[in-house]
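Me: I would like to go through this structure by asking what stands behind each label. Please set every value against its definition before you conclude.

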Amino acid sequence: MHGSNPTPMAFRAPGPLKGAVAVPGDKSISHRSLMLSALAVGESVVEGLLEGEDVLATAAAMRAMGAQITRGEDSRWHIYGVGVGGLLQPETAIEMGNSGTSTRLLMGLIASHPITATFTGDASLSKRPMGRVIEPLSLMGAEFTTSPGGRLPLTMRGINPAVPIEYRLPVASAQVKSAVLLAALNTAGVTRVIEPVPTRDHSERMLKGFGAELSVELDGATRIISIRGEAELKPQHIVVPGDPSSAAFPVVAALLVPGSEVTVTNVGLNPTRAALFDVLRMMGGDISFANEREVGGEPVADIVVRGSALKGIETPVETVASMVDEYPVLFVAAALAEGRTVARGLEELRVKESDRIAVMAEGLRAIGARVEELEDGLIIDGTGGEKLPGGATIAARLDHRIAMSFAVAGLASKGDVMIDDMAPVATSFPGFVNLMTALGAEIA
Ligand SMILES: O=C(O)C1=C[C@@H](OP(=O)(O)O)[C@@H](O)[C@H](O)C1
Ligand SMILES: C=C(OP(=O)(O)O)C(=O)O
């Protein structure tokens, strides 16, 4: 597990980035593949699973609750599920490492099983709010004892039968939505989640794909998701597309290093995930999609990107949730753009692996960018294509996206941008360093 042995590193670009690369599998789909397969009766096969620490934490938890999970030599994962309602009492605490998604979705699954479970996590995860899932899961009948502020470590007692609820999401969070939908799977009757702001819809798509009775109605922009419980899930063969949140790093790197020409193959472009690429195009980024196709019910394409002169913009607030994890690297792009970028509506960034508004503001200033921090976002005055001064060390604070964003910033800086610890990158993007060096980046 990272954290114990820091790996400092700085990156630079001696010339244009060139080549075609594939990023690892989508983290959100990988977590859900393991969880839903573990609840199906029979063998599911998953190709392209993200083998990052966060997803491996989910795999370990599902094994501890009775699923059989193995990785074949062909790197396909085989999961023998226990059936909805069949999860077993884990013998020890469930160790979630750095992963908010694992924690919140598993709390949902356990809520409707007669299971008592303790969740623990690393220093970053132990600061993150769990009240947002505790609230609806308590309405369904589960009980919780938490550390101060509704944080980890926490112990929960699930209940069977649980009570179906109608729940309006007070925060735009796919994790909260998914926690309720997963709890609903083993709850008799219809559970409803009302989602005023659309968030990633992998849970809905995959639950349907596994055979659950789930429908989505629209009331204007509001989505009303209904799921009937006591579902019987059928095993699936899942092909996980590349993660757009990981593709964001080589894409922004290629935009910022003049003369670059990079293709990132096989990237998932579900509309609830892909807003970053639209925003980068609005900024003048030369980005096109090739070989557009559908894989496993998700739109997928190869992203072709060329070095571009970017201009600052006001980022759209309607699509914040569809690029929520991509803002740190977007801020780096904005720091090199011509003119001002105003990014608002980002209060959720403050409760990710780090406070991504404060940490990006501080780090970008340290390498010479002009940044003003707002309660809900940043104002960035870009260099107009000039390299940033660089010459600072950035604390990654157990946040993979901070580490990778400043790795990209290093490629567009005169002096070294040292990241104090690249180890957290293994949570979502193992192979990041090799991929960037294959494109022509150098470790300084
Ligand atoms: O459901 C998911 O897989 C995720 C939802 C998002 O979190 P929130 O639901 O907290 O916004 C995102 O930041 C996270 O990386 C993955
Ligand atoms: C917020 C993230 O993940 P999680 O909430 O699963 O820790 C992320 O990957 O940027």
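Me: Why is Gly-100 called buried?

Reply: A residue counts as buried if 20 or more other C-beta atoms lie within 10 Å of its own, as exposed if 12 or fewer do, and as partly exposed in between, with C-beta atoms placed from the backbone. Gly-100 has 20 other C-beta atoms within 10 Å, and therefore it is buried. Its place is in helix H3, where helices (H or I, at least four residues) and strands (E, at least two) are DSSP runs numbered from the N terminus.

Me: What kind of model are these values computed from, and how are residues numbered?

Reply: This is a predicted model, in which local features need pLDDT of at least 70 and side-chain atom pairs count only at pLDDT 80 or more, while totals for chains, interfaces and linings use all residues. Residues are numbered from 1 along each chain as its sequence is written, and chains are lettered from A and ligands numbered from 1 in the order in which they are written.

Me: Why is Ser-75 called exposed, and what is Arg-397 called by its C-beta neighbours?

Reply: Ser-75 has 11 other C-beta atoms within 10 Å, so it falls in the exposed class. Arg-397, with 19 C-beta neighbours inside 10 Å, counts as partly exposed. Ser-75 sits in the loop between strands S4 and S5, and Arg-397 in the loop between strand S21 and helix H11.

Me: What makes the phi values of Ser-75 and Arg-397 worth a remark?

Reply: Most residues other than glycine have a negative phi, and most peptide bonds are trans. Phi of Ser-75, however, is positive, near 60 degrees, and that of Arg-397 is also positive, at about 50 degrees, although this residue is not a glycine. As for peptide bonds, the one from Leu-152 to Pro-153 is cis, with omega near -10 degrees, and Pro-153 lies in strand S9.

Me: How do you know that S7 is paired with both S6 and S9?

Reply: Two strands pair if DSSP finds at least two bridges between them. Two bridges join S6 to S7, and these strands run parallel, whereas four bridges join S7 to S9, and those run antiparallel. Among the bridge partners are Ile-94 with Phe-119 of S7, and Thr-118 with Thr-155 of S9.

Me: Why are S6 and S8 said to stand at the edges?

Reply: The open sheet of four strands has the order S6-S7-S9-S8, with mixed pairing. S6 and S8 each have a single partner strand, so one side of each is left without a neighbour in the sheet.
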